[in-house]
Amino acid sequence: MGFNRPEAKRLAKAAMRNTNPNPMLVTLVFVLLTTGVSYLVGLVLTNPIYDALYTAYLYLLDGAYDPMFIFKSLLSPGMVAVYMLVSLLLNVYFWVMNFGYASYALRMARGEQPGYRRLFDGFAALGRAILVSLLTSIFLSLWGLLFMVPYMVVMILAALLGSMGLMMLAILLLIGGMVMMVIFSYRYRLATYFLLDHPEMGALESITQSKQAMKGWKGELFILDWSFFGWLLLVALVELVGIGLGTLFSPALGTLLGTVAAGAFSLWLNPYMNGTEANFYDWVTHGSLSYRENNGPGGYQSPYGNNTPEL
């Protein structure tokens, strides 16, 4: 029997309704700890390259300055190094927090009553949480490089020879490469879940297990992702309506209202989507939807030996 997408979604929503604390509140905390932190860092540390280019542009409006002199004068190597280091640390922090949210979503989907502290599960498995995201990024980058090299070669030849045929071939190679990148990314989608279920497993092994588990299931997960497109479109429309209404008073108010409206809607959508993906993982690896199985007549029995709600 194949994966029952509507049932997986229904059970994800049922798990959300019966989870305490409310998944929307947990998601709000997660957003504050990720997007909120990123916003605060952005207030303190801006991109020095962008700042230098923008300032140079303002000076060049007078036409009395040498562009390279302005750029070199404004751009400090030390500031660039600090910005790159902070960006790297922030990216690693996001990897760890996303690991924690995946842990929360998986346990929520299984009816385990996870609490806020599950958001920090990535710090308890810090090395593996970082390594699985790092290796996945490296593998995808290498696959991307494999497809980009032929594209760049054909593009250069097309420019040198002025050939429209080669230009069309380059475009086809680019599209084909993008499609293959999406396909390859689906191979690694379950790696984090394998780490969560198997603490003894290493990051590379979890990626290998994900690749094995996803054989024959990539298309199903792709369809599952696209089944949320309507909800994502609705979030975008809510944001646009909020911006439109707020702009009647001021552009700043419009941006704020649109962001708040879309963000509030996303607090419900994010656990719904992640819970459904967790159900997909359980189906692919265990052949069952855990929330339905764990909430039958016999009551729920956690594989982690804890049936009580967490803080």
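These entries record what I looked up in a predicted model of one protein chain.

**Basis.** I worked from a predicted model in which local features need pLDDT of at least 70 and side-chain atom pairs count only at pLDDT 80 or more, while totals for chains, interfaces and linings use all residues. Residues are numbered from 1 along each chain as its sequence is written, and side-chain values use heavy atoms, with hydrogens and water left out.

**Overall fold.** I found 14 helices and 0 strands in the protein chain; helices are DSSP runs of H or I with at least four residues, strands runs of E with at least two, numbered from the N terminus. I noted that 35% of the 311 residues count as buried, that is, under 20% relative accessible area with a 1.4 Å probe, protein chains only. Among contacts (heavy atoms within 4.5 Å) with a separation of 6 or more, 73% join residues 24 or more positions apart.

**Core.** I looked up the largest nonpolar core, which has 48 residues; such a core is a set of buried Ala, Val, Leu, Ile, Met, Phe, Trp, Tyr and Cys residues joined through side-chain atoms within 4.5 Å. F3, L119, L190, Y193 and F280 have the most contacts inside this core. Leaving aside residues up to four places away in sequence, I saw that L190 touches S210, A213, M214, F280, Y281 and V284.

**Helix α7.** I placed L134 in helix α7, residues 126-161. L134 counts as partly exposed because its relative accessibility is 34%, and partly exposed lies between the buried limit of 20% and the exposed limit of 50%.
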